[in-house]
Amino acid sequence: MTPTRQARPAAAVPSTLDKAADENFPVAPFFLPRAWRDDLMAAYGYARLVDDIGDGDLAPGGADARHLGLDPEQADDRLALLDALEADLRRVFATVGDGPRHPLLRALRPTVRRRALTPEPFLGLIEANRQDQKVRRYGTYAELAAYCELSANPVGRMVLQITGTASPERIRRSDAVCTALQIVEHLQDVAEDLGRDRIYLPVDDMADFHVRESDLAVPSAGASVRSLIAYEAERARELLNEGIPLVGSVHGRLRLLLAGFVGGGNAALAAVAAAGFDVLPGPPRPTRPGLLREVGAVLRRARGEG
């Protein structure tokens with residue numbers, strides 16, 4: 001389950017799109033219709049670009065800043081880049097003008113028009129990354145879930161819109177799955193996020209488990225940290241279970257794709273559990289056999305929900 005290798009709009013773009021291979025779930029696997037694959041990769045390329053801007057992970061040299069109409073010296077100004085990206089996104093949806101400037105947004109424009117996509121999910125991702133520049137801690141799980149509403153849930157909504165299967169119930173269950181996938185990623189990346197002065201473990205949960213921030217800055221997790229990670233992992237697993245009826249509500253290759261999302265989350269959680277919930281040495285990653293096993297398990301459960 002690897003992403004499609006579609007035509008890229010510029011030489012600098014593959015470093016962004018190729019990150020799809022590192023996700024916990026298949027982004028645009030080979031078994032999907034080519035039109036779906038291309039549109040999913042266009043949406044993924046946009047989402048990855050937004051996150052790379054927010055995390056300061058853009059390729060060196062300032063090419064992305066230049067594409068967005070900024071001076072290369074502003075390549076490290078994340079808020080300026082996000083503002084410029086929003087302006088370029090609005091060109092994607094505009095019916096007049098020269099169109100977007102960034103290659104990834106130029107690639108997105110045909111998808112937006114073909115699938116009649118709306119700007120709200122795309123704007124949500126930008127707002128989430130603006131929030132990342134200002135908010136470094138989340139006091140409660142409810143606050144974290146509200147952040148996931150911006151940072152993760154829009155991606156699932158894009159998938160449903162691109163495949164023409166959006167409905168209120170499917171969107172609700174997709175939101176649960178996407179929030180779960182975001183939480184799983186946060187659990188895997190506790191050490192990396194701390195290096196960016198970000199902690200996505202709710203402060204009140206840390207207090208309940210007697211975990212201090214200094215406990216996250218050590219080479220290996222102690223018992224309290226492991227218990228906290230296990231608790232948050234179980235929360236994510238419950239949300240992923242809400243995705244089983246979603247998988248069961250669709251058919252054919254789309255069912256396999258959505259099973260890949262849910263199974264990918266379960267496989268990542270299995271990797272975290274296999275590490276004894278010690279995520280501090282580095283992100284526990286699922287193996288390919290582990291991913292395939294979990295996808296198969298999701299499909300078997302979904303048959304009873306179809």
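Which residue does the side chain of arginine 130 meet in a salt bridge? The partner is aspartate 83, with N and O 3.0 Å apart. This is a predicted model, so the contact is one that the prediction places there. Arginine 130 sits in helix 6 and aspartate 83 in helix 4, so the pair ties together parts that are 47 residues apart in sequence.

Arginine 130 has a relative accessible area of 12%. Buried means under 20%, so arginine 130 is buried. Aspartate 83 has a relative accessible area of 44% and is partly exposed. The pair also belongs to a network of salt bridges. Asp83, Glu86, Arg90, Glu127 and Arg130 are linked in it.

Now look at helix 6 itself. Helix 6 runs over residues 120-134 and has 15 residues. From its first C-alpha to its last it reaches 21 Å, close to the 21 Å expected at 1.5 Å a residue. Its buried residues include Pro121, Phe122, Leu125 and Ile126. Arg130 is on that list too, as are Asn129, Asp132 and Gln133. Gly124 and Ala128 complete it.

What covers these buried residues? Several helices do, among them helix 2 (34-55), helix 4 (78-93) and helix 5 (103-115). Helix 7 (141-151) and helix 8 (153-162) also take part.

Arginine 91 forms a salt bridge with aspartate 88, and their closest N and O atoms are 2.7 Å apart. Both residues lie in helix 4, three residues apart, so about one helical turn separates them. Arginine 91 is partly exposed, at 25% relative accessibility. Aspartate 88 is buried, at 0%.

Helix 2 and helix 5 have a link of their own. The side chains of arginine 114 and aspartate 39 meet in a salt bridge, N to O 2.5 Å. Arginine 114 lies in helix 5 and aspartate 39 in helix 2, so this pair joins parts that are 75 residues apart in sequence. Arginine 114 counts as exposed, at 51% relative accessibility. Aspartate 39 counts as buried, at 0%.

Why can such pairs form? Side chains of opposite charge can pair when their charged atoms come close. How many salt bridges does a search of the whole structure find? It finds 25.

Note on methods
Residues numbered from 1 in each chain as written. Predicted model: local features only at pLDDT ≥ 70, side-chain atom pairs only at ≥ 80, totals over all residues. Heavy atoms only, no water. Helix = DSSP H or I, 4+ residues; strand = E, 2+ residues; numbered from the N terminus. Expected span 1.5 Å × (residues − 1). Buried < 20%, exposed > 50% of the residue type's maximum accessible area, 1.4 Å probe, protein only. Contact = heavy atoms within 4.5 Å. Salt bridge = Lys/Arg side-chain N within 4 Å of Asp/Glu carboxyl O.
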